[in-house]
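The following exercises ask the reader to work through a protein structure step by step.

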Amino acid sequence: MKSDVDQNQPYPEGHDHRRCVADALSSAGQLCIVRGVQLTTIRQQVLELIWESHKAVKAYELLDRIKPLQSAAKPATIYRALDFLMEQGLIHRVESLNAFVGCRCSGQPHEQLLLICKACQEVEERSAGDVMQTIVRELAAANFIAHSKAIEIQGICAKCAAQTVS
Ligand SMILES: [Zn+2]
Ligand SMILES: [Zn+2]
Ligand SMILES: [Zn+2]
């Protein structure tokens with residue numbers, strides 16, 4: 001699928017976000033065709049709304065934003081769309097915020113390290129392969145059955161840190 005997006009590149013200020021959105025939507029569309037699942041209008045609209053920025057979005061915010069597009073939308077409509085998008089690996093749930101972000105490396109199952117900025121709410125996804133190996137080893141040693149293996153780190157992103165200093 002798309003190979004020109006480096007997952008480990010942070011989002012620079014003023015980056016071409018329209019391209020992020022276009023890439024995310026087109027790879028989501030292709031993925032759904034390959035998998036034979038339906039990216040219905042509402043699912044696509046929810047995905048687009050999540051991709052409006054790199055900030056984590058809550059379900060009720062999505063409901064507010066989708067109302068002008070789908071006046072009949074109910075919370076259940078949003079939750080069903082979110083479930084679908086999570087199942088397909090197109091978005092991630094940020095557990096600590098009870099909110100959602102778009103995934104830039106959809107298509108492959110992957111473990112993620114989510115860096116959550118408390119100042120701007122942007123969430124940066126990094127790959128967590130090496131960290132996960134250690135965690136998996138400890139889980140096995142503890143005979144612990146993990147239900148989710150995302151690592152979420154709260155803090156201040158580079159952009160916000162630069163603003164506070166200057
Ligand atoms: Zn972007
Ligand atoms: Zn991801
Ligand atoms: Zn920030």
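Donors are N, O and S atoms within 2.8 Å of the metal. The model used here is predicted.

**Exercise 1. Identify the protein donors of the zinc ion (ligand 2) and describe their spacing along the chain.**

Solution. 
Step 1. The protein donors are His92 (NE2), Cys103 (SG), His110 (NE2), Glu125 (OE) and Glu125 (OE). They lie 2.0 to 2.7 Å from the zinc ion, and the cut-off is 2.8 Å.
Step 2. Along the chain, the donors of this ion follow the spacing H-x10-C-x6-H-x14-E.

**Exercise 2. Decide whether Cys103 is buried or exposed, and classify His110 by its relative accessible area.**

Solution. 
Step 1. Buried means under 20% relative accessible area, exposed means over 50%, and partly exposed lies in between.
Step 2. Cys103 has a relative accessible area of 3%, and therefore it is buried.
Step 3. His110 has a value of 26%, so this residue is partly exposed.

**Exercise 3. Describe the largest pocket and its lining.**

Solution. 
Step 1. The volume of the largest pocket is about 400 Å³.
Step 2. It is lined by 17 residues, of which Met86, Gly89, Ile91, His92 and Gln112 are the closest to its centre.
Step 3. Helix H4 (75-87) and strand E1 (91-94) are the elements that give two or more residues to this lining. E1 gives the most, with three residues.
Step 4. By residue type, the lining divides into four nonpolar, eight polar and five charged residues.

**Exercise 4. Determine the order of the three strands in the open sheet, and explain why one side of E4 and of E5 has no neighbour.**

Solution. 
Step 1. The order is E4-E3-E5, and the pairing is mixed.
Step 2. Strand E4 (123-127) and strand E5 (151-155) are at the edges; each has a single partner strand, so one side of each is left without a neighbour in the sheet.
Step 3. Direction ignored, neighbouring strands of this sheet are turned by 20° against each other on average.
Step 4. Strand E3 (residues 112-117) pairs with E5 in the parallel sense over five bridges. Leu113 has Ile151 in E5 as its bridge partner.

Conventions: Residues are numbered from 1 along each chain as its sequence is written. Chains are lettered from A and ligands numbered from 1 in the order in which they are written. This is a predicted model: local features need pLDDT of at least 70, side-chain atom pairs count only at pLDDT 80 or more; totals for chains, interfaces and linings use all residues. Side-chain values use heavy atoms; hydrogens and water are left out. On a 1 Å grid over the protein atoms alone, a cavity is a set of points where a 1.4 Å probe fits but cannot get out, and a pocket is an open set with protein on both sides within 12 Å along at least five of seven lines; lining residues have an atom within 4 Å of a point. Grid points are joined across faces, edges and corners, and a volume is the space filled by probe spheres set on the points. Helices (H or I, at least four residues) and strands (E, at least two) are DSSP runs, numbered from the N terminus. Ala, Val, Leu, Ile, Met, Phe, Trp, Tyr, Cys and Pro count as nonpolar, Asp, Glu, Lys and Arg as charged, and the others, Gly among them, as polar. Donors are N, O and S atoms within 2.8 Å of the metal (3.2 Å for Na, K and Ca); water is not among the atoms, so sites may look incomplete. Buried means under 20% relative accessible area, exposed over 50%, partly exposed in between (1.4 Å probe, protein chains only). Two strands pair if DSSP finds at least two bridges between them. Axes are lines fitted to C-alpha atoms, for helices over the stretch in contact, and angles run from 0 to 180 degrees between N-to-C directions.
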